[in-house]
Amino acid sequence: MAARTIIIDHGSGFLKAGLSGWNEPQMVFPSVVNYIPCRENPGPSYARRRVSLGIDIYHPDTFSYPVQRGRVLNWEGVEHIWSFVLETHRREHEDSPVIVTESPLREPVDRQKTLEIMFELLDVRSILLADQLEMSLYASGLLTGVVVDSGYGLTRVQPFHLGRPLQPSGKTLEFAGQDLSAYLFKSLFKEDSNQHNLFQLDTVTNTQMNKCYVPQNLGEALDFRQSLPNGSDENNTYQLPDGTPVELTPLQRLAPEMFFSPQVFDLEGPSISQAVLDSIQTCEASLHPLLISHVVACGGNTLYPGFTKRLYKELIEHHFSSTKTTVWVGSNRNFSVWLGASVVAHLSTYKSEWMTKEEYEESLRL
């Protein structure tokens with residue numbers, strides 16, 4: 001393949017894109033589009049609206065996420081985002097091949113639509129569709145292990161052996177970053193909560209990024225935070241638009257506990273640590289020690305202070321106490337999928353999995 005490959009990792013919450021060979025993606029932005037009626041032909045119909053990237057501050061109620069829970073719901077929005085990415089990178093790398101990462105939840109029709117957009121509408125010369133969890137594994141430098149990926153739309157667990165997923169041992173939990181956001185919206189703003197309100201959106205985002213953490217013991221952390229006098233912790237407040245300070249409740253600060261005690265937040269499913277253990281248990285017994293000693297944590301939620309330490313703590317407390325447990329973490333683990341794809345872009349072993357535009361056109365004639 002060419003020296004520089006354009007890599008697009010399109011997640012439910014953020015898109016990461018850039019040229020292979022870099023230590024991180026050069027473009028990272030919310031996977032958001034907005035629709036605004038055209039001034040010259042106003043109206044609600046498809047033909048009378050204009051799609052653009054991001055949030056329009058004058059029409060904040062018009063934005064949406066084209067990818068939700070790892071599934072594409074709005075192909076027009078996806079095409080618009082991809083077109084922007086390719087246009088930006090093609091200024092200096094016109095004929096670069098493209099890697100697009102795929103969710104494990106993809107359907108054959110999704111793969112076909114991706115090829116159609118890339119080859120027919122965006123005139124890509126060659127493309128590789130890469131599994132997101134497999135890419136995260138490669139970013140860690142491992143071929144065998146359990147990938148624990150928790151992003152905006154999904155939390156996924158997948159064991160691998162020698163670079164191949166062990167089916168059907170994978171687990172998908174439909175609680176992730178967007179559920180944590182939804183909890184904070186409702187608990188902070190009650191019946192007035194509105195995810196299209198820019199002040200509320202900024203408050204929730206700032207709380208998640210700068211104030212939330214994972215406790216090592218929920219009961220002890222709640223007792224500690226409840227014992228603090230009001231105003232004693234400057235990091236425990238946010239401000240209303242009029243400047244009035246408001247104290248966060250203990251559970252709001254500890255909201256990422258959701259991944260370890262989902263029932264506390266009225267969410268179904270096992271905890272993330274239990275999902276890892278259940279996933280390993282379904283694999284061949286001889287692989288258990290190898291898998292539990294190579295747990296790879298990645299995705300934006302694993303960046304919460306205390307997350308990986310709590311995951312390790314809960315894994316060693318359970319069924320594999322006689323086996324060395326290791327949780328592998330990287331400083332750029334929120335970009336693990338993209339970084340793994342950057343590695344794969346230059347691997348000759350993947351040469352046969354690339355598709356050229358000529359091969360695509362030939363497949364349509366068959």
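Guide: A residue is called buried here when its relative accessible area is under 20%, and exposed when that area is over 50%. The model in view is a predicted one, and the strand to examine is β17, which spans residues 295–298. In a regular strand the side chains alternate between the two faces of the sheet. In β17, V295 and A297 point one way while V296 and C298 point the other way, and all of these residues are buried.

Turning to the partners of this strand, β17 pairs in the parallel sense with β11, which covers residues 145–150, and the pairing runs over four bridges. Within that pairing, V296 of β17 is the bridge partner of V147. A parallel pairing also joins β17 to β18, made of residues 327–328, and here there are two bridges; in this case V295 is the residue that stands opposite V327 of β18.

The N-terminal end of α3 is capped by D131, from which a side-chain oxygen lies 3.0 Å from the backbone nitrogen of L133, and after the helix comes G141, whose phi is positive, near 85°.

Key
Residues numbered from 1 in each chain as written. Predicted model: local features only at pLDDT ≥ 70, side-chain atom pairs only at ≥ 80, totals over all residues. Heavy atoms only, no water. Buried < 20%, exposed > 50% of the residue type's maximum accessible area, 1.4 Å probe, protein only. Pairing = 2+ DSSP bridges. Polar contact = N/O pair within 3.5 Å; in protein donor to acceptor, adjacent residues only side chain to side chain.
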